[in-house]
Amino acid sequence: MMIKEAEKKITVSKALAPRKVITAKRGRRKVIRAKRHEPKASAIGLLKKKKYISEIDKDDVNNILAGVEYVEELYKFYKLEEISSPIGDYMDQQTEIDEHRRLALVEWLIGVQYTLKVPSEVLFLAVHIVDRYLELNLVLPKDLLLLGLSAMVIAGKYEEDYPPAAEEYVTIASGRYSREQILGIEKLILEDLGWSLTVPTTYHFLVRFIKAAGADKEMENLVFFMAELGLMQYEITRYCPSMLAASAVYAAKLNLEMTPVWNETLEFHTGYSEPEVTECAQKLLSFHSEEVDQPRIAYWNYVSRARTF
């Protein structure tokens, strides 16, 4: 029922051939880069570790898969990568869709993730793919859902060993699109993105920052909920993924009335001071208040997660 309610907000078509569906207004456009909140030197991980910063990886020293000896260098690399691949301010150049249609699409994709039980990293990568494609191409409202479905298929293949088959997405979309249409658009998306999918998304930073916060399951679920609320809102695309992740941690701790809300360990591992995350965190808390009054799929997804622990 949750997915069907969200589906009503997106206009879709049934019988267009793949290349006609999204290429009706296809073509590269000059993208205007808006002023963004980009990480400064400290956020890239150039701060010198102080004695009072917790060693968050000490319990994983003997875990070969944790790669403790490389993890800090890896996140420095992620910070540099997110600066080099920002999402531009593309909505003003989209003539047929707006922020509300994008919100409805992402909300629907959150419901798809919940229904198919795919990992969170698939959702975050899929939304990133959608934004990158919309940055490059004009898309009609009736084709937006197909774009989202194909992005989920691509992200699933990239992130999972055994992703859901395209047929499952056909079913979940009530047969509006065929397997051939979904896979046909998949190829177009990959070509336009230059087959480049190795990018740090908010998910990568969430995992690290949640660990730095010493979060329990209640807080972890709330952090992901806050991040998904931000994922739905177009205005949050102006913040880089690490900022959204750090702000989600801050907003969750505020909501749970945890003290201190921010500390030296979080500042070191996120690269952000408390004043730097406040603006984005306040936006997330505002979205959270709206969710409590009028729950969306992200809220019920969060509630479902909480009930499993």
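**Notes on the predicted model**

1. Let me start with Tyr 75, which counts as buried because its relative accessibility is 16%. Tyr 78 has a relative accessibility of 16% and so counts as buried as well. Please keep in mind throughout that this is a predicted model.

2. Phe 205 is buried at 0% relative accessibility, and Phe 209 is buried with a relative accessible area of 0%. Tyr 75, Tyr 78, Phe 205 and Phe 209 form one aromatic cluster.

3. How many aromatic pairs are there? The count comes to seven. One of them is Tyr 75 with Tyr 78, an edge-to-face pair at 5.1 Å centre to centre, with 85 degrees between the planes.

4. His 269 is worth a look next. This residue belongs to helix 13 (residues 264-270) and counts as buried, because its relative accessibility is 11%, below the 20% cut-off. Setting aside residues up to four places away in sequence, His 269 touches Ile 53, Ser 54, Ile 56, Glu 72, Lys 79, Arg 208, Phe 209 and Ala 212. Phe 209, then, is a member of the aromatic cluster and also a contact of His 269.

5. Now the overall picture. The protein has 15 helices and zero strands. Of its 309 residues, 54% are buried. Among contacts with a separation of 6 or more, 85% join residues 24 or more positions apart.

6. Which residues touch the most other members of the largest nonpolar core? They are Ile 129, Leu 149, Tyr 169 and Leu 206, in a core of 92 residues. Helix 6 (residues 120-136) gives the most to this core, contributing 11 residues. Ile 129, leaving aside neighbours within four places in sequence, is in contact with Ala 151, Ile 154, Ala 155, Ile 189, Leu 193 and Leu 197. As background, nonpolar side chains tend to be buried together in soluble globular proteins.

7. Is Ser 247 buried or exposed? Ser 247 is buried, because its relative accessibility is 0%. The residue lies in helix 12 (residues 241-255), and its side chain reaches the backbone oxygen of Met 243 at 2.8 Å. Not counting residues up to four places away in sequence, Ser 247 touches Val 277, Cys 280, Ala 281 and Leu 284.

8. Ala 213 is found in the loop between helix 10 and helix 11 (217-232) and counts as buried because its relative accessibility is 15%. Ala 213 and Val 249 are 36 residues apart in sequence, yet their C-alpha atoms are 7.6 Å apart in space. Beyond neighbours within four places in sequence, Ala 213 is in contact with Met 219, Val 249 and Leu 266.

9. A few backbone points deserve a check by eye. Most residues other than glycine have a negative phi, and most peptide bonds are trans. Here, a cis peptide bond joins Thr 259 and Pro 260, with omega at about -10 degrees. Pro 260 is in the loop between helix 12 and helix 13. Ser 174 is not a glycine but has a positive phi of about 60 degrees; it is placed in the loop between helix 8 (166-172) and helix 9 (179-192). Ser 174 counts as partly exposed because its relative accessible area is 41%.

10. With a relative accessible area of 68%, Lys 117 counts as exposed. Elsewhere, the charged end of Arg 238 sits over the ring of Tyr 239, 5.1 Å from its centre.

Key
Residues numbered from 1 in each chain as written. Predicted model: local features only at pLDDT ≥ 70, side-chain atom pairs only at ≥ 80, totals over all residues. Heavy atoms only, no water. Helix = DSSP H or I, 4+ residues; strand = E, 2+ residues; numbered from the N terminus. Buried < 20%, exposed > 50% of the residue type's maximum accessible area, 1.4 Å probe, protein only. Contact = heavy atoms within 4.5 Å. Core = buried A, V, L, I, M, F, W, Y, C linked by side-chain atoms within 4.5 Å. Polar contact = N/O pair within 3.5 Å; in protein donor to acceptor, adjacent residues only side chain to side chain. Phe/Tyr/Trp six-rings, centres within 6.5 Å; stacked < 30°, edge-to-face > 60°. Lys NZ or Arg CZ within 6 Å of the ring centre and 35° of its normal.
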